[in-house]
Amino acid sequence: MTSAVISQRALPRSGVVAVLLVVAAAALTALAAQWRIYLPFTPVPITGQTFAVLLTGAALGWKLGAAGQMAYVAAGALGAPVFAESSGGMEVITGATGGYLIGFLFAAGLVGWMAEHRQDRTFATMFTAFLLGSAVIYVFGLVGLMISADMTLATAVEAGVVPFLLGDLIKASAVGILLPGAWKLLGDR
């Protein structure tokens, strides 16, 4: 049995609102991509993207969350400067970070599905949903690194997962507080 996600509780339901939320999710992810830190030992920068991806998935539900990421990735693939360093184009999709970008669609969908099943109402369940979403992004990212950068699995884990674990724990904690707190403010648990 599914229940309303936070955006459905706080905003009117209409086709126009749904389109605006999808565009807003893509725009937030694009904005978060511009916040980046490069590490010398990995081709994958630290960005705010995963936070935006998983937060919008939880806030919008699986369909709109995944649609927002699909719009983001499609815009970037078509050349819009929405990826890190205001880059865009198919070379980014087929490059070292392409697997992560594809993983965004599935991760937003998973976290959105979990939110629809009330996993966004407590710290523990939202934290867990965020970690599972991060794991989905890592799996796609690892495959992308192994293919595009010709890395072994061990090297891909070292370059594409390990440097991001602490940050993802911090992001998961923040969302674990943020969404259940928003539900409490709305008076719905």
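**Side-chain contacts and aromatic pairs**

In this predicted model, a polar contact of 2.6 Å joins the side chain of Thr50 to the side chain of Lys171. Thr50 belongs to helix H3, which covers residues 49-60. Its relative accessibility is 14%, and Thr50 therefore counts as buried, the cut-off being under 20%. Beyond its neighbours within four places in sequence, Thr50 is in contact with Phe104, Phe130, Ile137, Asp168 and Lys171.

Aromatic rings were examined next. A pair of aromatic rings is described by the distance of the centres and the angle of the planes. Five aromatic pairs are found in a search of the whole structure. In one of them, the ring centres of Tyr72 and Phe83 lie 5.4 Å apart and the planes stand at 85 degrees, so this pair is edge-to-face. Because Tyr72 is in helix H4 and Phe83 is in the loop between H4 and helix H5 (90-93), the pair ties together parts 11 residues apart in sequence. Both Tyr72 and Phe83 are buried.

A stacked pair is formed by Phe106 and Phe140, with 4.9 Å from centre to centre and 5 degrees between the planes. Phe106 lies in helix H6 (residues 98-116) and Phe140 in helix H7 (residues 123-148), so that distant parts of the chain, 34 residues apart, are linked. Phe106 counts as partly exposed because its relative accessibility is 47%; Phe140, at 28%, also counts as partly exposed.

Tyr72 and Phe83 also form one aromatic cluster with Phe104, a residue in contact with Thr50. A ring is also involved at Trp183, where the charged end of Arg121 sits over the ring at 3.5 Å from its centre.

Definitions and conventions:
Residues numbered from 1 in each chain as written. Predicted model: local features only at pLDDT ≥ 70, side-chain atom pairs only at ≥ 80, totals over all residues. Heavy atoms only, no water. Helix = DSSP H or I, 4+ residues; strand = E, 2+ residues; numbered from the N terminus. Buried < 20%, exposed > 50% of the residue type's maximum accessible area, 1.4 Å probe, protein only. Polar contact = N/O pair within 3.5 Å; in protein donor to acceptor, adjacent residues only side chain to side chain. Contact = heavy atoms within 4.5 Å. Phe/Tyr/Trp six-rings, centres within 6.5 Å; stacked < 30°, edge-to-face > 60°. Lys NZ or Arg CZ within 6 Å of the ring centre and 35° of its normal.
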